[in-house]
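Subject: Structure handover

Hello,

I am passing this structure on to you. Please have a look at it first; my notes follow below.

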Amino acid sequence: MERRNKLFIAILSLALLLNGVVPFTFSQAQSGCNPDALKPVSQGQRGNEVRNVQECLMEAGYDIPAGATGYYGKQTVEAVKAFYADWYGSWHGKNIGPKGIATLKSLIASLWGEEEVVEEDQTGQQQPGNQPSQQTDIAAIVAAVLAALQQSGVIPSVSTTTTGTAQQEGFLVVEQDPSATGVTVREGESANVFGLRFRADNGSVTVKSIFLRWTGSSAPYRVLSNLALVDSQGNVLYQTAVTPSTFLQDSNLNYYLPVTGLNVNVPVGQYTSVFVKVTVVNTLPSGVTSAGFAVNQNDVRAVDGVGVDRFGPVSNISGTFTLQASLAQSADWVVARNPNTPKEGYIFGDVSSGKVDRAKLLSFDLTSKNDNLRLTSVVVTTGGSSNMNMSALYLKYGDQTLDVRSPSTTVTFNAVPANFVVNKDQTVTLDVVADLQGGSTTTEATTSVTVASVTGLNSLGGTVSKSVSVAGDTLHYRTLGPEVSGFTANPSYTPPSQTASSSYSVVIRFNVTPRGGTVYMGTTTAPTSSFAAVELEKSGGATSTPNAGVTVKVYQGSTDVTNSLTVGGSGLFALSENQTYTFEITAAQNGAPSGTGLYRWVVSNLKWHDGASTQTVTWTSRDMYTSYTNVQ
């Protein structure tokens with residue numbers, strides 16, 4: 001019945017046309033197809049969107065025996081494959097995408113014709129709108145009528161290459177696609193290494209073949225294991241394994257590959273690109289570091305809408321790509337100090353034994369670049385006033401001990417277990433820790449450690465070694481002393497330009513917790529005339545003493561205990577073991593510092609007293625400073 005209705009409409013339209021009457025416009029009412037509601041769908045999908053696509057495919061003449069079921073099954077896959085074959089080329093039919101939807105809409109519009117829009121001017125007279133002329137409408141309706149008659153079998157089908165206004169001469173433009181230039185490919189890798197960009201002028205064209213020329217110095221089968229042509233979305237248009245017989249040779253022994261059977265649609269006024277995607281062999285010939293492809297003048301053949309062959313490019317196009325050895329052969333270590341490395345300060349041992357176990361000296365980050373690397377050894381050097389204050393030195397990964405060694409000036413750790421692998425581009429953090437001994441209340445030992453080299457094996461078993469110099473801070477080992485933490489500083493500067501009334505000041509706070517016994521710190525009386533050296537440091541390193549002096553207060557919590565801590569008339573503060581005290585230092589500069597520039601306040605060292613009348617210990621601190629202020 002539906003077939004008869006279409007035939008009746010087609011005959012009626014033709015009759016009206018022959019009598020000089022502009023036929024009415026076909027509308028959605030003639031079928032269940034709604035072009036405006038078409039959306040991309042995929043195999044396995046159900047619902048009204050699928051049903052609408054099925055209706056429109058059948059309306060366009062692509063048979064689905066079961067009808068519009070609303071399920072994208074095998075019959076719909078075959079209909080989509082046939083639809084794509086007529087305008088795009090070979091297609092799996094498992095989905096109909098945005099370009100397919102747009103083409104289907106255009107096809108339905110050409111079958112139904114286009115309705116002339118009439119607008120009224122300000123006088124109420126009807127004026128033609130911005131629509132095709134009546135002649136164009138008639139031509140479109142004639143095409144629709146002929147299509148309906150052909151579909152109904154009333155008249156034989158006519159080749160679309162010779163009839164119909166949609167088919168026009170097209171002209172092919174071929175250029176190099178710049179997105180596939182300067183590519184580097186390693187052994188075993190795949191990449192797009194050469195690209196062609198097509199444009200169609202006046203009418204659409206379909207690229208049918210490409211004559212691909214090899215410009216590498218070594219035979220293609222010695223460099224490549226696979227070659228494919230892909231579109232911009234990565235869809236494979238052509239693919240072949242590369243063997244000694246894949247490429248042909250001309251009389252000059254140059255290698256070439258004719259790629260035929262393509263159906264690459266290039267819409268009028270638009271760009272369409274294809275890329276040569278290669279897979280490099282696992283082992284390159286010695287000395288081969290580059291290769292390339294070229295298409296010469298007229299090496300690309302296309303067919304336009306009226307069946308005329310079109311050729312391009314107008315001049316030769318070539319491109320090269322770089323070849324590199326495998327990832328394993330370019331593997332490398334990257335070693336860097338980790339922020340959790342202890343800052344310069346004290347390590348406190350037990351007073352009775354003079355020992356401390358598992359004191360962390362250095363944390364470092366280890367990164368494997370380009371390949372998986374199995375760690376085999378780490379070499380560290382030790383320094384300080386006495387290396388013998390270490391009884392054992394450990395290399396650790398978290399809680400796992402990779403190796404333990406007796407201390408010496410140079411220590412080589414062998415990674416245990418042997419399967420400690422750092423994966424490609426992965427970073428792990430390792431620690432160097434030590435058991436310390438020989439500490440006393442009056443004798444201080446210093447210790448430092450530096451990573452000197454890291455060695456491992458790549459995935460092919462080759463040795464990868466890296467010399468570095470990643471150092472930890474100097475650490476002071478005692479059984480008595482102040483543990484310092486919580487440094488803060490609030491500098492201020494007024495006014496913003498140097499005058500006699502300028503002032504530059506700072507309030508510095510930090511916590512002190514005595515370990516191993518009572519610690520004495522003072523400000524006025526020997527043996528320490530000042531327990532904290534506070535200085536103004538100019539960018540570049542020059543320092544000066546603040547001319548307005550330094551004052552100190554001591555707090556426990558929020559309570560000012562400055563006076564109650566003083567020991568007799570000595571001016572020393574007696575700080576009890578394991579109690580935490582907050583020191584507040586105020587320093588000031590009357591008048592601006594000498595010269596404009598960037599300045600900061602620095603606590604350059606702390607002095608403390610262990611109780612012996614002649615013993616004073618100076619500790620040079622790290623990172624106890626404010627940020628720079630611009631003094632104008």
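Which residues have the most contacts inside the largest nonpolar core? The model is predicted, and in it they are Leu196, Phe198, Ile210, Leu227 and Phe293, within a core of 43 residues. Strand S7, residues 190-201, gives the most to this core, with six residues. Apart from this core lies another one, of 35 residues, including Leu361, Ala415, Val428 and Val464. As background, nonpolar side chains in soluble globular proteins tend to be buried together.

Five strands form an open sheet in the order S5-S7-S14-S9-S10, and the pairing is antiparallel. Its edge strands are S5 (171-176) and S10 (236-241), each of which pairs on one side only. From one strand to the next, the twist averages 20°. Strand S9, residues 224-231, runs antiparallel to S10 and is joined to it by five bridges.

The hairpin of S23 and S24 has two residues between the strands, and glycine 398 takes a positive phi near 65° in it.

How many disulfides are there? The count comes to one disulfide, formed by cysteine 33 and cysteine 56, whose sulfur atoms are 1.9 Å apart. The link of cysteine 33 and cysteine 56 is right-handed, with 90° about the S-S bond. Is cysteine 33 buried or exposed? Cysteine 33 is buried, because its relative accessible area of 0% falls under the 20% cut-off. Cysteine 56 is buried too, also with a relative accessible area of 0%.

Last, the aromatic rings. The whole structure holds 15 aromatic pairs. In one of them, tyrosine 88 and tryptophan 91, the ring centres are 5.7 Å apart and the planes stand at 85°, so the pair is edge-to-face. Both tyrosine 88 and tryptophan 91 are buried. They also belong to one aromatic cluster, formed by Tyr62, Phe83, Tyr84, Trp87, Tyr88 and Trp91.

Tyrosine 397 and phenylalanine 420 make another edge-to-face pair, with ring centres 5.1 Å apart and planes at 75°. This pair links distant parts of the chain: tyrosine 397 is in strand S23, and phenylalanine 420 is in the loop between strand S25 (410-414) and strand S26 (421-422), 23 residues apart. Tyrosine 397 counts as partly exposed, at 33% relative accessibility, whereas phenylalanine 420 is buried, with a relative accessible area of 8%.

Regards

Note on methods. Residues numbered from 1 in each chain as written. Predicted model: local features only at pLDDT ≥ 70, side-chain atom pairs only at ≥ 80, totals over all residues. Heavy atoms only, no water. Pairing = 2+ DSSP bridges. Helix = DSSP H or I, 4+ residues; strand = E, 2+ residues; numbered from the N terminus. Axes fitted to C-alpha atoms, helices over the stretch in contact; angles between N-to-C directions. Disulfide = S-S within 2.5 Å. Buried < 20%, exposed > 50% of the residue type's maximum accessible area, 1.4 Å probe, protein only. Core = buried A, V, L, I, M, F, W, Y, C linked by side-chain atoms within 4.5 Å. Phe/Tyr/Trp six-rings, centres within 6.5 Å; stacked < 30°, edge-to-face > 60°.
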